[in-house]
Every structure is written in C-alpha cells, then in structure tokens.
Amino acid sequence: MASLSFIVGIIGNIISILVFTSPIKTFWQVVKKKSTENYKSTPYITTLLSTSLWTFYGLLNPDGLLVTTVNGAGTVFQFIYVTLFLIYAPQDKKVKTAKLAALLNVGFLGLVIAVTLLAIPGSVRLTVVGVLCAGLTIGMYASPLSIMVPNAVGFVLGSIQLIIYAIYNKKSISKKSLEMMEEEGSAHFVKENEMGAFEDDEVANVKIRNLHKGSSLPKQSVNRQYSFQRILKTLSLSPYERHPSWPHEEDVGK
C-alpha cells in the first residue's frame with residue numbers, strides 16, 4: 001500500500017508540474033513582444049503564494065517529500081512568471097503587481113511562517129498549516145465562481161427591475177395619455193375661442209367698413225329729389241292737364 005501511494009504521488013506530481021509549465025508559451029510571447037498586453041498578474045501571484053505555503057507544509061510533514069518537491073517546483077515556475085511580468089508590464093501594472101506580490105508573497109507568507117513557528121504548538125502546527133493551505137487552494141479553484149455568482153444574482157435582480165418597470169410603465173403611459181388628451185382638448189377649446197373672436201372681429205370690421213362706405217357716398221341734393229317728384233307728377237297728368245292751352249273736346253265739337 002505504501003508503494004502504491006508513492007506511485008500515485010509520483011504520477012500526481014508529474015501532472016502538477018505539467019500544469020505549472022502550461023504558462024510557458026504565454027510568457028514566451030511576452031518576452032518576444034516585450035509586453036504583457038492584456039494579461040493579469042493576479043493568478044500567478046496567488047499561485048505562488050499557494051505553492052509556497054504547500055512547500056512549507058511539506059517541510060513540516062515528516063512524510064511530505066512528494067508535497068515538498070512538486071510545490072517547490074511550482075514555486076520556482078511561479079516566481080519566474082511573476083518576475084517576467086514585473087519586467088515587461090507597463091508602469092501602472094508593474095506598480096500594482098509589485099505591491100500585490102509584496103503583500104501576499106512576502107508579507108502574508110512571512111506572517112504565516114512566523115506565527116506557525118513561534119505561536120502555534122508543534123502538535124497542531126501541521127494541522128493549522130494544512131487547513132490554511134487547503135482553504136487557499138479551494139478559494140483559488142472556486143474563484144471563477146466570483147464571475148458566475150454575481151451574474152446569476154444580477155440576472156435575478158435585473159428581471160425584477162424589468163417586471164416592475166413593465167407594471168408601472170403602463171400606468172404612467174395611460175396617465176400621460178389622459179393628461180395629453182386633456183391638454184389637447186384645452187388647446188382646441190382655446191383655439192376655437194380665438195378663431196371665433198377673430199371671426200367676430202372680422203365681421204365687425206366688415207360692417208364698419210360698409211358703414212363708412214355708405215356714409216362716404218354722395219347724398220342726393222334737395223333739388224334733384226324735387227325734380228324727380230315733378231317728373232313723376234307730370235307723367236301722371238293727362239295731356240290736357242299738361243297743356244292747358246289745348247282746346248277741349250267740347251270746344252272742338254262746337
């Protein structure tokens with residue numbers, strides 16, 4: 001059983017080393033282009049912290065040869081990747097990477113080692129470090145969920161917002177339509193009143209112009225009216241009345 005576990009451990013170490021060497025192609029492109037482009041340093045810094053802690057755990061464990069060797073190799077690879085990133089990253093990324101590496105790979109790692117060796121008893125020291133390493137490893141593998149979980153929560157909240165918007169948007173549209181109809185009716189009423197007042201003004205102006213036009217016509221003089229009356233009176237008379245000097249019929253008969 002001991003030899004079988006050792007063989008399985010060897011196979012696991014080989015696979016782990018292959019995983020650690022997978023970014024070589026990426027950093028080969030970084031060296032050729034002399035730029036890290038859009039790559040991020042966080043995965044390499046956190047992996048460096050994890051392999052360093054597992055190496056420390058292997059050193060504390062009397063039977064931790066395989067753990068120490070594979071994680072020691074991983075620590076070397078990750079240290080090279082972080083170093084290359086610091087060399088070829090832009091100035092702003094370089095500063096952020098240096099700060100994060102100093103915080104995690106120097107500060108936090110040094111604090112764990114110091115507390116473990118100075119404050120934790122030897123009987124539970126291995127357990128505490130193992131739990132810490134296991135928790136960090138689980139957090140690294142679960143880190144992609146930090147993208148999936150907010151998206152799921154965002155989907156639910158976004159759906160709720162759309163439902164609320166659909167409910168209250170209909171009410172606001174109907175209320176707005178009623179207000180628009182009232183405004184249009186008021187505007188139409190005002191417009192009709194204005195047009196009616198305008199037409200009344202036009203009629204009044206026409207009447208006034210007609211009155212002025214009638215008053216401006218020349219009035220008949222008294223003489224013309226008198227002459228016209230005389231003509232009518234003359235036409236209504238008989239020939240003898242119009243010409244009194246003519247002999248009457250009796251005189252003609254005599």
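**Helix packing around H4**

**Close-up 1. Helix H2 beside helix H4.** In this predicted model, helix H2 (residues 24-33) and helix H4 (residues 65-88) have axes that come within 11 Å and cross at roughly 25°. Because angles under 35 degrees count as roughly parallel, H2 and H4 are therefore described as roughly parallel to each other. The crossing of H2 and H4 is left-handed.

**Close-up 2. Residues joining H2 and H4.** On the H2 side, the contact is made by Ile24, Phe27, Val30 and Val31, while H4 contributes Phe77, Tyr81, Leu84, Phe85 and Tyr88. Sorted by class, the contact of H2 with H4 holds nine nonpolar residues, with no polar and no charged ones.

**Close-up 3. Helix H4 against helix H5.** Here H4 packs with helix H5 (residues 91-118) at an angle of about 150°, and the axes of the two helices lie 8 Å apart. Since angles over 145 degrees count as roughly antiparallel, this angle makes H4 roughly antiparallel to H5. The crossing of H4 and H5 is left-handed.

**Close-up 4. Residues joining H4 and H5.** From H4, the residues that make this contact are Val82, Phe85, Leu86 and Ile87, and from H5 they are Lys94, Thr97, Ala98 and Ala101. The residues in the contact of H4 with H5 divide by class into six nonpolar, one polar and one charged. Phe85 of H4 is listed in the contact with H2 and is also listed in the contact with H5.

Notes. Residues numbered from 1 in each chain as written. Predicted model: local features only at pLDDT ≥ 70, side-chain atom pairs only at ≥ 80, totals over all residues. Heavy atoms only, no water. Axes fitted to C-alpha atoms, helices over the stretch in contact; angles between N-to-C directions. Helix = DSSP H or I, 4+ residues; strand = E, 2+ residues; numbered from the N terminus. Parallel < 35°, antiparallel > 145°, perpendicular 65-115°, else oblique. Left-handed = near helix turned anticlockwise from the far one by under 90°. Contact = heavy atoms within 4.5 Å. Nonpolar A, V, L, I, M, F, W, Y, C, P; charged D, E, K, R; others polar.
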